Amino acid sequence: MSSKVIQAMYNDDDVLMSAVKEVRAAHVHIEEVYTPFPVHGLDKAMGLAPTRIAITAFMYGLCGLSFAIWMTNYMMIQDWPQDIGGKPSFAWVYNMPAFVPIMFEMTVFFAAHLMVITFYMRSRLWPFKKAENPDPRTTDDMFVMEIPVDGNEKELTLFLKETGAVEIKVTEKH
Amino acid sequence: MYKFSKKLKTFSFALMILGALGIAWGFMNAPSTLEESKEIIASQSAGHGSGHGEATSHGEEATHKVESAHGDDHAKDTHAKDSHHDASHDEHLFHQLQNRPWSALYVAIFFFMMLSLGTLAFYAIQHVAQAGWSIVLFRVMEGITAYLVPGTIILFVFLALSGMHMNHVFAWMNPELIDPTSPKFDHLLDAKKSYLNVPGLLIRSAIYIAGWIWYRQYARKQTLALDNAENGDLKHYKKLMGASAAFLVFFLITESMMSWDWLMSIDHHWFSTLYGWYIFAGMIVSGITTIALVTIYLKSRGYLEYVNDSHLHDLAKFMFGFSVFWTYLWFSQFMLIWYANIPEEVTYYAQRFEEIKIPFFTMVVMNFLFPILVLMNSDYKRLPWFIVMAGIVVLIGHYIDIYVLITPGSVGAQWKFLSPEVIGSAMFFLGLFIFVVFTALTKAPLKVKGNPFMKESEQFHY
C-alpha cells in the first residue's frame, strides 16, 4: 500500500518550530518530522504523547535490584558461604551493607541497558536496518516535515511555502 | 515589597514562647546534684526497666572500652561492683542527664544555622555559575541567609559557654583529661590538644563565622546596589561573582573544619575523613528544601508571581539529587567502618546501634527512602503540595540526623527525643528562624534588578 505525502524542507530549527505550530493550528496532521539533531520542545509542539520510558526504567531498575539480591544471596550465602573480614554469612541481612554497592550497580545496569533496548524496539531500530529518512540531507542541515495528502496538495504547498519551507516535494511513500 | 503577615508573626512568637517554656522545663528538670541524678535513674529503672540497666548491660562492648574519656567503664561495672567505679559511673550519668537540655539546645542551634549556611553556599554557587534560572529566587535565598548572623552568633555563645564548663557537651573540654596526674588522664586526647583546645576552637570558630557573615553582607550589599545600578552597568555583578568564587573556596575549607570542631569533636576519639562532606551534603539538601518551602509559602500568599512550576521543578530535582548524595556519603562512611571493624572507628556506630537505634534508622528512611520514592516522578516535582510534604519530611529527617550526630556523644543512653527540651528547642529556633527570615524578606523588593540573565530566569521553562 502506498500513500502520497508532501515533504516540506526547512533549513533552520526555529523556522521549523514555528512552522510546526502554524500547521498544527491549521488542523493539518503532521505524520513525521526528520531532524539532524534533537530539537528541544519539538515533541510538545507536534503534540506527541509524553514518553513512558521513565516508567519502564523504574521497573527495570526494580528487576535489577531483585536480581542483585537473589544473586548475592545465592553466591555468598547459599551456594558457597563466604566469610570475608570476619562477617558472619549465616543470613543475607547480616552482610547486607556489603551487598549495597552490588545492588546499586545492578539496578543501574538493568535500568540503563533495558531502557536502551526498549527504546530501539519501540523506534523499530535494529542492526542493518535501512534508513527511513526521505532525504539524506536530514542528517546534515535540513529539517523535513512530512504531511499525508488527500487531494489537497495545491493548497498545502502554498500554505507550507508561507511557513518558511525552502523546498517542497510531493512523493509516493511506500 | 513583601509584608510580614500578622498571622505568621504571631505564629513565630508563639513558637518562640512555647519553645522557651520547653527549654526552661528541660533545665529545671535536669538534676543539679548527684543525689537527684541517682533518684532519676532509680525511678527510670523502676518505671520501665530500662535506662541504667540498658546502659550497663552491654557488657564487654567496644563502645565502653574505648570510651574511657569519662573515666568509667561500664563493663567492669557489671562484673566487679567496687565502690570507686560505682561512684564514677553515677557521676557520669549525672553529667549526661545534666547535658540533656544543653545538647537539645545545641542540636536546634546547629540545625537552623545549617539551613542558612547551606542556602548561602547554594546562593554563591548560583552566582559563580552565572546560573540563569535561579535569579528570581535570589531574594528568597538572601532572606534565608539573614538568619546566618544571629544563628552563628548564638552558636558561638554556646561554644563559649561550653568552654567555660557550663555544660559537658564537649567532653574533651574537661581539663582533667589532659592532666597527667589525674586518674582520668586520656593520652589520646592529650596528643590532640594542640588542635583540640578551647581557645583554639573559639578562634577558629570566630574566623569561620566572620568569613561567612562578611560574604553574606557583602553579597547582599552588591545585589541591592545592582538593583539601583544604571541599565547595563555590570560593575556590581562582576564584584558579586568574584566575591562568591572566593567565598566558595573559603567555605569548602572552613565547612570541613567547622564539622570537625563543632560536631565530630563531641566524640573526640573518633574520626572520619569524609565527615565534612557528609555534613555538607546534609546542609545543602536542607538549605535547598528551605528555599523551596519559603518560595512555595510566598507564592501561596500571592507574591513571586514570576516563579513558575519549572523553578519549583528544579528545586525539587536538587532536593532529590542531594538526598541521594547525602545517602551516598552516609553509607560510604558507614560501610567502610562496618567492614573494617577497627575498634577505634566502629565504636561510633556500635554506640548508635545500641543506644539510639530507632532515631538512627528512622532518619535514614526519612532522608533516603522517602525522598527517592516520592520525588522520583517528574510530574510530582511540579506539585507544590508534594514538594511541601517531601520537604517537611526531609527537614525533620535531617534534624534527627544532627540529633544522632550530637546526642550519643553528649548524653549517651540517657537520650530522649520526644521530650519537652528537644521539641521546645526545635520550636524556639524555628520561631526565631521564621521571624528573622521573613523580617529580612520585607527589607527589599522580592525581585532583583539589573542581572543580565533576568529574562532567562523569568522565561525559564522545562
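Predicted model: local features only at pLDDT ≥ 70, side-chain atom pairs only at ≥ 80, totals over all residues.
pLDDT is the predictor's confidence in each residue, from 0 to 100.

Start by selecting chain A and colouring by confidence. The mean pLDDT of chain A is 89, and 98% of its residues reach 70 or more. Next, select residues 167-173 of chain A: this is strand β4, where confidence in the chain is lowest, with a mean of 85. Then select helix α4 of chain A, where confidence is highest, at 95.

Now show the domains of chain A. Domain 1 has two pieces, 3-36 and 141-173, while domain 2 covers 53-122. The C-alpha centres of these two domains of chain A are 48 Å apart.

Move on to the place where the chains touch. Here 6 residues of chain A are in contact with 7 residues of chain B. On the chain A side, helix α4 (residues 96-122) gives the most, with 3 residues. Sorted by class, that side has 4 nonpolar and 2 polar residues, and no charged ones.

Finally, go to chain B and select residues 6-29, helix α1, together with residues 420-441, helix α17. Two packed helices are described by the angle between their axes and the distance between the axes. The axes of α1(B) and α17(B) are 7 Å apart, and the helices pack at an angle of about 150 degrees. Angles over 145 degrees count as roughly antiparallel, so α1(B) is roughly antiparallel to α17(B). Their crossing is left-handed. The residues of the contact between α1(B) and α17(B) comprise 18 nonpolar, 7 polar and 1 charged.

Note on methods. Residues numbered from 1 in each chain as written. Chains lettered and ligands numbered in written order. Contact = placed C-beta atoms within 7 Å. Helix = DSSP H or I, 4+ residues; strand = E, 2+ residues; numbered from the N terminus. Nonpolar A, V, L, I, M, F, W, Y, C, P; charged D, E, K, R; others polar. Axes fitted to C-alpha atoms, helices over the stretch in contact; angles between N-to-C directions. Parallel < 35°, antiparallel > 145°, perpendicular 65-115°, else oblique. Left-handed = near helix turned anticlockwise from the far one by under 90°. Domains from an automatic or database assignment.
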